[in-house]
Amino acid sequence: MIKVYVPRDSSALGLGAEQVATAIKSEAGRRAADIQLIRNGSRGLYWLEPMVEVETPVGRVAYGPVAAADVASLFDAGFLEGKAHALSLGLTAEIPYLKNQERLTFARVGITDPVSLDDYIAHEGYRGLRRALTLEPAAIVEEVTESGLRGRGGAAFPTGIKWRTVLGAPSEQKYIVCNADEGDSGTFSDRMVMECDPFVLIEGMTIAGLAVGATQGYIYLRCEYPHAHVALNEAIAAAERGGYLGDNLLGSDKAFRLEVRLGAGAYVCGEETSLLESLEGKRGLVRYKPPLPAIEGLFGKPTVINNVISLASVPIILDKGGAYYRDFGMGRSRGTLPIQLAGNLKHPGLVEKAFGVTLREILYDYGGGSASGCPIRAVQVGGPLGAYLPESQFDTPLDYEAFAAIWAVLGHGGVVAFDDTADMSKMARYGMEFCAEESCGKCTPCRIGSTRGVEVIDKIRAGVDRDQNVALLRDLSDTMLAGSLCALGGMTPYPVLSALNHFPEDFGVAAAE
Amino acid sequence: MSEQKWNVEEVSLIIQGLKDKPGALLPILHAVQDHLGYVPPDSVPLIAHALNLSRAEVHGVISFYHYFRESPPGRETVHICRAEACQAMGSEALEAHAKQRLGIDYHENTSDGQFSLEPVYCLGNCACSPSIMVGKEVYGRVSPERFDEIIEATKAKP
């Protein structure tokens, strides 16, 4: 029996993977070919999706992008023996885009059947949990601290310190909450983990529960991810059947239960306190801090709230040790970052690399330059609240501190490229418009400032009292930066002012000093 | 008051099944909207009563979240991504095409009741921009021609 892989990842499905899978099944039936069709996750080489793989004695061989109409010719060419075809990509593992990555968190993504517990275990799954079950809670926290892992949602707060705070907070009930409200434009690494390797997130949350003494976990998933919802629920059910979730984890007498809750299309609910309000069934209004969620979080109880990638990085840290993970990276940015290449790029996709790789390497060595063939003019890193970087800053290494030094952020690792047709004053206007659309309304700088920001930028674009209005925009941005309650209002000035500072010609003003 | 267009017993059953969950309001609103396509304003008192909340509190939650709607949608809802990665790949032209093709603006239904049009801010399909979602299916690299094909195929679905 020959194993044939067709992804069930939503991006691959959005390009016709389901039709390809159906065509392969019926063509195999017609030719009486003995195949086993496996629906794997995506490898993250999205310009090649739908990418079909065939297992051969020398390894998995890839073909892509495959349309349903190509299937008969693939059979004719002998793709079941890995033979050549116009869509041949060779051995999957040898494709440079994939081969040159350092996949730690994404080690299994695209390789396994996402909802097969057996497959997960056969590929080193649940080794982290088995080790965690032999450790004292403080020792688990110590391992995570040792790894240097910082919150991958964007704020980059040390995960170990957060866990230690919750461990030390006395309470009969504590919670683990996974922030899966991945709303940043240009980001999809959370989605990929949940659709392509959901067990790694479940295992990470279970370990977090053991580490701090929490028995209930919630995954707050954005409702724009229906495929992730299905995959998570299938995986949770399989983990429960296998004894990896429930009241007696692997016979240890320790309990951990997990439930997926859906958001409802509010970007601000990616902010942790707004998310907790939403989980409690309320409007997603941002809370004042302190108290920190680690002390008074969900339903007022001590709560670990971490991003999907942070939690999904925990199993390998427990399995291979904190030092193993820490040895990747640079400076205070330890480990790896799943970088998401999006927008106007020839080779968009998922690139997990150790911190320290430069933006230029990512854009050209991996991204292959712009899709349009025009020069890349601007790159937004870190989602809608991230700064726009001009070509002169492309040599910045991906490192939290190096980005902070040029008034930019890495955020959740999204990289969106724009070619030279982009109008940066329009992008700045969009930044304010988005903030106005998504503001929770609790604090004035964000609620009112964003609408005033749209108006001021409109005046600048129309050439009305340009110098005065640019000064006003800077003043308004300063108020939002310093006076907003959370990062939505507080960081909207990043895309706005970076566009103004690096591309003043698009605003009709002379370059700043 | 006009007659209710939805079945009170079914909705009550949904509410009863979920009301004891911690933080039950969002799961209830999702379940009602999954069942009816929207959250009818005259179902709010029912939900409020079950959760011991005021009607204003329930209404406040419904109105806070973009996803919840208080009027019936078309048979299929078309979401078009307006976020940056899609903008970098021509989503503005796609938005204009979609509005023209369907003959409606955002938050409207076509006169034949087939489609609703809504904006969305990122579908996590950013490596295959521009993206749309029809029902629960995501589509990538959507050119105006491909948009028309998807609309036709959706119409043809039973």
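This is a predicted model: local features need pLDDT of at least 70, side-chain atom pairs count only at pLDDT 80 or more; totals for chains, interfaces and linings use all residues.
Residues are numbered from 1 along each chain as its sequence is written, and chains are lettered from A in the order in which they are written. Local features need pLDDT of at least 70, and side-chain atom pairs count only at pLDDT 80 or more, while totals for chains, interfaces and linings use all residues.

Chain B holds seven helices and five strands, where helices (H or I, at least four residues) and strands (E, at least two) are DSSP runs numbered from the N terminus. Read from that end, the order in chain B is α-α-α-α-β-α-α-β-β-β-β-α. The C-alpha trace of chain B spans about 50 × 30 × 25 Å along its principal axes.

Of the 158 residues of chain B, 37% are buried (20 or more other C-beta atoms within 10 Å of the residue's own, with C-beta atoms placed from the backbone). Among contacts in chain B with a separation of 6 or more, 57% join residues 24 or more positions apart; a contact here means C-beta atoms, placed from the backbone, within 7 Å.

Turning to the partner chain, 35 residues from chain B and 45 residues from chain A take part in the contact. On the side of chain B that touches chain A, two or more residues each come from α2 (25-36), α4 (55-64), α5 (84-87) and β5 (137-139) of chain B. Of these, α2(B) gives the most, with four residues.

Definitions and conventions: A residue is buried if 20 or more other C-beta atoms lie within 10 Å of its own, exposed if 12 or fewer, and partly exposed in between; C-beta atoms are placed from the backbone. Two residues are in contact if their C-beta atoms, placed from the backbone, lie within 7 Å.
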